[in-house]
Every structure is written in C-alpha cells, then in structure tokens.
Amino acid sequence: MSRAVLSIGSNLGDRLGFLQSAVDGLGTAVRAVSGVYETAAWGGVEQDPFLNATLIVEDDDCDAPGWLSLAHALEQAAERVRVQRWGPRTLDVDVICCHDSAGTQVLSGDEALTLPHPRAHLRAFVLAPWLEVAPEAQLTVAGEERAVRDLLAGLDAAERDGVRRTELALES
C-alpha cells in the first residue's frame, strides 16, 4: 500500500466542481479531504484566484508513479490544457509526497516525478490545507524531515495570510 498527499487546485470555470471531480475520481482511495481555501495565483502570471485543497489518499496497488499517472488522468478528464507554466487551469493535481507500504517517504529526483514536490515547502496554499488534515505531517526538505507546521510558520506572513479558508466543502 502507498499513501500520498495530493494538492488540488482550480481557477477556471466551475472551480469547486473541478476540485470535486478529483475527489470523485479518486473514489475509495480518499482518506482525508481538507477544507477549501482561496488563494491568489502563484508564479507571477496574471489570472483569477485559485480554490485549493489537500487530499490524503491510500491504495494497495498504487505507487508514486501510479499517483502521478492518476493525477494526470484527473487533469485530462477536467480538460486541462497546458499552455503556460503556472498559468490558469481547470484542475491541477500535484503529488506532494508519497510513502511506501513500510511507511517510508519515497524520495525521487526523476525528471518526471520529483518527490517530495520541490516547491511544496514554499507554498502556503499547499501547507495550510495539509496541516488541517494531518497536524503532525512531516516533509523532507534538503534531506531533512521538517514539520509542516514549522514550514508554514517560516513562510512570509503575506504568503500565509494570502491563503483564506472558505466555507465551501468537498464531499468524500
């Protein structure tokens, strides 16, 4: 069995509907769903704000590359078009980290799948919802296990304050 943390986001069309489509597409693999957060777009491209959430998923038959393939399939089902890096999208599904059946965090420097996600520790829109569903979560940064709580606290206040919990909810 492997366990993964997935960050989902949308800023085009029915944003909440696209997030829900990811939860629905993952089905019984979903173990936890964070609240829905609204955040300004990240990466310097002018665009509408995102809705973001974090999912904890588990599956006996899925490994880290399998989670990435599933993420891409969910994005494709939402008709995501990859035109501009960090540009607007119907659905973005990122594999933040993955643990194998022994509970060991999977580390990968592969070009197709870098684990843990190389910028997750810099993104409040990933850390805040993750902390909600896994208060004791740890993430490997530069070879060292760090508490997600500490990573979030270490971000610039403006970055943290730009992540706002909404009253919207996803159904699992």
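**Entry 1**

I began with strand β8 (residues 138-141) and strand β9 (residues 144-147), which run antiparallel and are joined by 4 bridges. For pairing I took at least two DSSP bridges between two strands. Helices (H or I, at least four residues) and strands (E, at least two) are DSSP runs, numbered from the N terminus. Looking up Thr140, I found its bridge partner in β9 to be Glu145.

Ala142 lies in the loop between β8 and β9, and I noted its phi near 50°, a positive value in a residue other than glycine. Most residues other than glycine have a negative phi, and most peptide bonds are trans. Ala142 counts as exposed, at 83% relative accessibility. My cut-offs were under 20% relative accessible area for buried, over 50% for exposed and partly exposed in between (1.4 Å probe, protein chains only).

**Entry 2: ground rules**

This is a predicted model, so I kept to pLDDT of at least 70 for local features and 80 or more for side-chain atom pairs, while totals for chains, interfaces and linings use all residues. Residues are numbered from 1 along each chain as its sequence is written, and side-chain values use heavy atoms, with hydrogens and water left out.

**Entry 3: strand β1**

Which strands pair with β1? I found 9 bridges to strand β4 (residues 50-59), running antiparallel, and 7 bridges to strand β5 (residues 92-99), again in the antiparallel sense. Toward β4, Gly9 has Asn52 as its bridge partner. Toward β5, Ser7 stands opposite Asp94.

I then checked burial: 8 of the 9 residues of β1 (residues 2-10) are buried, so the strand is largely enclosed by the rest of the structure.

**Entry 4: helix α1**

Helix α1 (residues 15-26) has 12 residues and reaches 17 Å from its first C-alpha to its last, close to the 16 Å expected at 1.5 Å a residue. The expected span is 1.5 Å times one less than the number of residues.

Which residues of α1 are buried? I listed Leu19, Gln20, Ala22, Val23 and Leu26. They cover an arc of only 150° around the axis, which puts them on the same side of α1. I took the arc from the directions between the helix axis and the C-beta atoms. An α-helix has 3.6 residues a turn, so residues three or four places apart point the same way. The cover over the buried residues of α1 includes β1, β2 (30-33), β4 and α2 (64-77). Just after α1, Gly27 takes a positive phi of about 50°.

**Entry 5: the cores**

Next I looked up nonpolar cores, meaning sets of buried Ala, Val, Leu, Ile, Met, Phe, Trp, Tyr and Cys residues joined through side-chain atoms within 4.5 Å. Of the 28 residues in the largest core, Leu6, Ile8, Leu26, Val57 and Trp67 touch the most other members. The elements giving two or more residues to this core are β1, α1, β4, α2 and β5. Of these, α2 gives the most, with 5 residues. A second, separate core of 23 residues includes Val5, Ala120, Val126 and Leu139.

Leaving out residues up to four places away in sequence, Ile8 touches several residues, among them Leu19, Ala22, Val23, Leu51, Val93 and Leu170.

**Entry 6: Ala64**

I found Ala64 in helix α2. Ala64 counts as buried, at 7% relative accessibility. Not counting residues up to four places away in sequence, Ala64 touches Cys98, Val106, Leu113 and Leu115. I also checked Ala64 against Ala128: they are 64 residues apart in sequence and 23 Å apart in space, C-alpha to C-alpha.

**Entry 7: cysteines and a cis bond**

How many disulfides does the structure hold? I found 0, taking a disulfide as a pair of cysteine sulfur atoms within 2.5 Å. For Cys62, the nearest cysteine sulfur is that of Cys98, 7.6 Å away. Cys62 is buried, with a relative accessible area of 14%. For Cys97, the nearest cysteine sulfur is that of Cys98, 7.6 Å away. Cys97 counts as buried, at 1% relative accessibility.

Last, I looked at Pro116, in the loop between β7 (114-115) and α3 (124-133). The peptide bond from Leu115 to Pro116 is cis, with omega near -10°.

Key:
Contact means heavy atoms within 4.5 Å.
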